[in-house]
Amino acid sequence: IISGEVAVSRLQMLRGSIPSDLDRIAIARVQAFFFLGDPLHPNPLQHDGELLLRAFETHKNNRDAELYMTVLNPESLNTATGTVALCYTSFKTGLLAKSTFCPGVIPLIGNLLIS
């Protein structure tokens, strides 16, 4: 969790294409990469494969940086070795299961994330 003005001032979000934008992001100075999947993509397996390839290509150029990513398909978690990965589908299913035992947990987590 990033808090405080010092950490936020060091955070930059750049949109681009890997590997063509590697020079623009000053890859040697990067401490962490975040690769976020598109939960509305029509082909989750293909999307996860492309996201994993981009992540590993980027990590090849800076082995010290940490990789954080979200994938759409639970099977993609097996391929995401060496990264911190979260599966959208499993996360949503887990929250739904928790809400059966504890009604109101989804709004609670949503409010905690927003505040």
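**Stop one: an aspartate on the inside**

Select Asp-48 and Asn-73 together: the side chain of Asp-48 reaches the backbone nitrogen of Asn-73 at 2.8 Å. That is a polar contact, meaning a pair of N or O atoms within 3.5 Å; within protein, one must be able to donate a hydrogen and the other to accept it, and residues adjacent in sequence count only if both atoms are side-chain atoms. Before going on, note that this is a predicted model, in which local features need pLDDT of at least 70 and side-chain atom pairs count only at pLDDT 80 or more, while totals for chains, interfaces and linings use all residues. Residues are numbered from 1 along each chain as its sequence is written, and side-chain values use heavy atoms, with hydrogens and water left out.

Asp-48 sits in helix α2. Helices (H or I, at least four residues) and strands (E, at least two) are DSSP runs, numbered from the N terminus. Is Asp-48 buried or exposed? Asp-48 is buried and yet has no salt bridge. Buried means under 20% relative accessible area, exposed over 50%, and partly exposed in between (1.4 Å probe, protein chains only). A salt bridge needs a side-chain nitrogen of Lys or Arg within 4 Å of a carboxyl oxygen of Asp or Glu. The nearest side chain of opposite charge to Asp-48 is Arg-54, 9.2 Å away; for charge, Lys and Arg count as positive and Asp and Glu as negative, with His and the chain ends not counted.

Now pick Arg-54 and see where its side chain goes: it meets Glu-50 in a salt bridge (4.0 Å, N to O). These two are four residues apart in helix α2, so about one helical turn separates them. Arg-54 is partly exposed, with a relative accessible area of 32%, and Glu-50 is also partly exposed, at 32%.

How many salt bridges does the structure hold? Two. For another, select Lys-60 and Glu-57, whose side chains meet at 3.3 Å, N to O. Being three residues apart in helix α2, they too are separated by about one helical turn. Glu-57 is partly exposed at 28%.

While you are on α2, click Leu-53. Leu-53 counts as exposed, at 62% relative accessibility. Its C-alpha lies 9.9 Å from that of Ala-80, 27 residues apart along the chain.

**Stop three: the core and its strands**

Select Phe-33, Phe-35, Ala-55, Leu-67 and Met-69, the residues with the most contacts inside the largest nonpolar core, which has 13 residues. Such a core is a set of buried Ala, Val, Leu, Ile, Met, Phe, Trp, Tyr and Cys residues joined through side-chain atoms within 4.5 Å. The elements giving it two or more residues are β1 (32–35), α2 (44–61) and β2 (66–71).

Turn to β1: Phe-33 and Phe-35 are on its covered face, Ala-32 and Phe-34 on the uncovered one. In a regular strand the side chains alternate between the two faces of the sheet.

β1 and β2 pair in the parallel sense over four bridges; strands pair if DSSP finds at least two bridges between them.

**Last stop: zoom out**

Show the whole chain: five helices and three strands, in the pattern α-β-α-β-α-β-α-α. Buried residues make up 27% of the 115 residues.
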